[in-house]
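Hello,

Here is the structure you will be taking over. My notes on it follow below.

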Amino acid sequence: MQKLLDKTTNKKVAFVENVRAVNSTDDFSSKKLCIIKTNFKDLHQVKKLISAYPKTEFWLTSSDISRKNIIKANCFGIKNVIPYPFDIKIIRDYFNQKKENICDEKYNNETFCWMKDLKIMIVDDNPMNVDLLAETFANSGLQIYTFLKSQDALDALYKEKFDLFLLDIMMPEISGFDLAVKIKNSELNSDTPIIFISALSDSENKIMGYDLGSCAYIEKPFDVNVVRSQVFNILKSRKLQCAINETKESFVAMVAHDLKSPVNAEITALEILLQKLESQKDIENNEIVTDLLQAAKYMKTLINNILSKYKFENSQVLLNKSYCSLYTVITESVAETKYLAADKKLSFVFTNKTKHSSTFIDYIEIKRVLHNLFSNAIEHAPRNSVVNILLNDYKNFLQISVENKFNGTPPDNINDIFEKFVSFANKSKCVNSGLGLFVAKKIIEAHDGFIKAEIPTKDSICIKLILPKEK
């Protein structure tokens, strides 16, 4: 085996049949790679050899490769374990990767200008693997973030949005699999694609990787060209999907904006017609027009929610704050939504426990929040019930609570109702877009406040929004 290696790799690689037979006269300082045959009982000697020659890369080869043995080797600083006898092509590929110019002419900045400013995170506790991957994408325009400690990577992914994660699996502190779970549960990077790059080659780990949502699983030692091609194609597909989503969002927002004027005109016309019918005491047509007016106002609310969602997600919302009384805003909002409550014979009970309810808010946006809360309460409450509204002091904040009976079964994780497109309309047999409370949350957070949901009793729900007092 050694003679074959000498011929194929120009004596840059050494093969050690038995690490225990290595003596003080053996010198590996001139070798780029040393492959040691092992039974995994001699790893302490292997570790000493690694410490003695830090510039040489060491691999293990064995006829007894298992996940347990790979993990055991990893604990001693060995990242690559290959089956024995091994294919010499693996060694050739390794040295070809070292020789080649990672970013050659066909991967120039002009060809991949679309990758400019895209961010990828590389997490591997082996510095050589990190350096090789970082070099692979050098001069591509990508912003490369590398981490040797998974805990440091975890802190970064909670603070910044990334376009791709390249994760090793066998790492101390937090494994690649556990890190992937945290990525998928994070607010910023839940939809960011993941690639696992690992020496674990068994099908069990590959299946686990794909079950965790990875889009590729690359075995070590890897071919740089293959990895580069996979990463570039995944990023290209992601950028295309983002562009499609952005176009779709812009189109929906444009359509919603164009619908505002005709819907407002329809509401005005129906209100004028309703006044005439009331004066003529035309009860039958009065009911028809009232239903049409309610539908038109619901459409107006839906359009406003779509536009608000688009503006918040594209950072186009600028609050226009002024000194306003929350008591007045609540009173006006109750009066403006009574027409919706009347059809279900619901009543509002408003209790004010504050002496001073004025603070700096965006009057229009806070009224939008209250309209959404009151409309939701009306939709989900049973007929002939009461919607209780409470305004009180809460330390340095003002708190508005909206509590109503819930016509159905409240969700297990109640605060999911503030997520985008989450709706429990099917459970309560009503129509809902799943945007109202999402928009409400964004508006309250823009005011440096917060909103939450509680279940006071098994058949009721309470939404509390908390705003800072005047500063």
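**Helix packing and the sheet**

Helix α11 (residues 326-343) packs against helix α12 (residues 363-380) at an angle of about 40°, and their axes lie 9 Å apart. Axes are lines fitted to C-alpha atoms, for helices over the stretch in contact, and angles run from 0 to 180 degrees between N-to-C directions. Helices (H or I, at least four residues) and strands (E, at least two) are DSSP runs, numbered from the N terminus. The angle makes α11 oblique to α12 (under 35 degrees is roughly parallel, over 145 roughly antiparallel, 65 to 115 roughly perpendicular, the rest oblique). Contact (heavy atoms within 4.5 Å) involves, among others, L326, V329 and I330 of α11 and Y363, I366 and F374 of α12.

This is a predicted model: local features need pLDDT of at least 70, side-chain atom pairs count only at pLDDT 80 or more, and totals for chains, interfaces and linings use all residues. Residues are numbered from 1 along each chain as its sequence is written, and side-chain values use heavy atoms, leaving out hydrogens and water.

There is also an open sheet of five strands, in the order β11-β13-β14-β16-β15, with mixed pairing. Two strands pair if DSSP finds at least two bridges between them. At the edges are β11 (347-352) and β15 (450-454), each pairing on one side only. β11 and strand β13 (residues 386-394) are parallel, paired over six bridges. T351 has L390 of β13 as its bridge partner. α12 packs on this sheet too, and its direction makes about 20° with that of β14 (397-405).

Regards
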